[in-house]
Amino acid sequence: MTRSDRLVRILSYITLTALIVVMVFPFLWMASSSFKSTDEIYSLTYFPNKPILDNYREIFGSSLFLRWLLNSAIIAVITTISVLFFDSLIGFTLAKYSFPGKRIIFVLILSTLMIPTEMLVIPWYIMSSRLGWLDSYWGIMFPGMMSAFGVFLMRQFMESVPDDLLDAARIDGMSEFGIFLRITLPLVKPALATLAIFNFIGDWNAFLWPLIVSSTPKMYTLPVGLAYFSSENLMRWEMIMTGSTVSTIPLIIVFLLFQKHIVKGIALTGLKG
Amino acid sequence: MKLRQKKTMTAYLFLLIPLVFFVFVRFVPTIYAFWLSLTDWNIISPKMNFVGLDNFRELFSDTVFLKALGNTFKYVLYGVPLVLALSFVISLLLNAIQKGQAFYRLIYVMPYITPLVAVSWVWRWMYQRPPIGVINGLLSFVGLPTQRFLFSMDQALIAIVVTTVWVNLGYCVVIFLAGLQTIPREYLEASKIDGANRLQVLTKITIPLLNPVIVFLVVTQSILFLRIFTQVYNMTDQGSGGPLNSTKPLVLYIYQKAFLSFEMGAASSATVVLFGIILLITLLQFQLLKRRIQY
C-alpha cells in the first residue's frame, strides 16, 4: 500500500466518523429528552441530571399508545403474511406454468407500480365508505394485501427453482399446491425474508392511508397515533419525544435482528433498475 | 384431462384472487380517479356533474395549487442533488476503507427504517427557536447567529429537505456501494498502471460505469420527493404546510382538498397532475437507460 493510499484511508475514517455523529445525534437527543422532566426539558443538557421514567408511565397509563402499538402490530403482521403468501403464489404461477395470457398478466401487475398511492386514496376512501370499511382494521389493510414489487421479486427467485424437482414431486403424486407450498417455498426462503422485512417496515411506518381511513383514536396505527398525540400535547416536548421513542424502539429491534437482510434487500431493489 | 390442460387450469385458479385484487384495488380505482377528475363531485352533495377539463383550468388559476406545485419542484431540485452528492461521497469513502464498513453502513441506514412521523417530530423539536432548540443552541455555542428554521418562510422548506436527506441518505449509500462493488478491480488497476490519477479514475471509469445506478437513484429519489407529505404534515403548524403555504407540497394540497374540504373532483384532478409528472420521469428513465456505456 502506498503512502497516499494510507492517507486516503485515514481521512475516510475521520470523515465517516464525524458524519456518524450527525446520523446518530437525533436518536440520542430523542431518547435523552424522553427521560427529562418538564422542568429540565428546556435546558440543553445532553444527559438529564435527574433521569425520570414518569413520561413513560404517563404515556402508557393515560394515552392510547399501547392500543396503537397493538393495532400496528396486528396490521403489519396480517398484511405481511398476506403479501408473502399471495406474492409468492403469483410469482410461482408466472414462473413455472405456461398458459395463455401469462405475459399480459405479468405486465399488467407490474404496470401498477407506476400508479402513485396518492392517486388511489380518494377512490379507496369512497369504496371504503360505500362498503362500510372506514375506521376498521380491514379498511386500513386491504390496499396492501398484495404488492406488485413482491410479485416481481418472487417471480425472479421462483425461476431459479429447477423444473426437474417439480416434475419429480408430480410423479410422486403431490398436488400442484403442495408443490408450491412444500417444494418451492423452502427454496426461496432468503427472498421471502427480504420481502417480509420490507413489507413489515413499510406497513409499520405507513401514514397517509391510515390517517385518511381511521377516524376514531382507538383505531389509529402508531404513526397516526403519534401525530395525533403530538399535536394534542404541543409544546410538551418531553412527552412527544417519549412517544417518538416508543414508536421507534420496535423498528430498531427488527433492524438489529435482520440488518443483513435489510442491507441486502435495499441493494436488491436498486439493482433491478 | 391432459396434464397440460390441468396445469393451465391450476394456473388460472392460483391467479383468481390476485387478479380480483389487482383489478378492483388498483385498476378500477385508477380509472375512477381519472373519471372523478372530470367531475365537480363534492362528497356531501349527491350529484356528480361531468365538467370536462374545468377542474384543471381552475387548478392552474388557483394560486395555492401553483404555490404547492412550485414547492414540490423545489423539494426535488434541492433534495435530489443533495442526497445524491452526499451519498456518493460517503459510498466512495466507505469503499476506500476495509475494516468497519458494515458497521458504518448500518448506522447510515438506521434513519431510513425509523418511522417518518417520529423522525419529523424529533427534527421539529431540534429546529425549535433559541433557547429550547438544540440546533440553535449549537449555533450560538460556536458563535453563529441563531435561525428561525421552521418558523421562517425562506428556511422552512430547506429545513424539511435536510431532514428528508438525513432519512434517505443510507438507502442511497447502500445502492451506490453495491454499484461500486460491481466495478471490476482490473479496470481500476489497469487505469492506475496507465498512469491515471485518482480524479481521472473517478470521472473516466467509476462515474460512467455507475451510470445506471445514478439514473435509478435520480428517478427513485425524485419520485420520493415529488410525493413528500408525512414530513410536512408533521413538521408544520397543524399540518398546514405553513408558514403561509411556504412548505406545502402537492400531496398535502390534495389531502386538504379531498379530506378537509371534500372536493373530490378537484382533488382527483390534482392527483392526475402528480401522476403525469411521475409518469414523465419514469419514461425519461427508460430513455436514459437505453444509452448504456460499454467498455
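Residues are numbered from 1 along each chain as its sequence is written, with chains lettered from A and ligands numbered from 1 in the order in which they are written. Because the model is predicted, local features need pLDDT of at least 70 and side-chain atom pairs count only at pLDDT 80 or more, while totals for chains, interfaces and linings use all residues.

Chain B holds 13 helices and zero strands, where helices (H or I, at least four residues) and strands (E, at least two) are DSSP runs numbered from the N terminus. With a radius of gyration of 24 Å, well over the 19 Å that the globule rule gives for 295 residues, chain B is more spread out than a compact globule; the radius is taken over C-alpha atoms, and the rule is 2.2 Å times the number of residues to the power 0.38. The C-alpha trace of chain B spans about 75 × 75 × 30 Å along its principal axes.

Turning to the interface, the contact takes 68 residues from chain A and 69 residues from chain B, two residues being in contact if their C-beta atoms, placed from the backbone, lie within 7 Å. On the side of chain A that touches chain B, α13(A) gives the largest share, 15 residues. The residues of that side divide into 51 nonpolar, 14 polar and three charged. Here Ala, Val, Leu, Ile, Met, Phe, Trp, Tyr, Cys and Pro count as nonpolar, Asp, Glu, Lys and Arg as charged, and the others, Gly among them, as polar.
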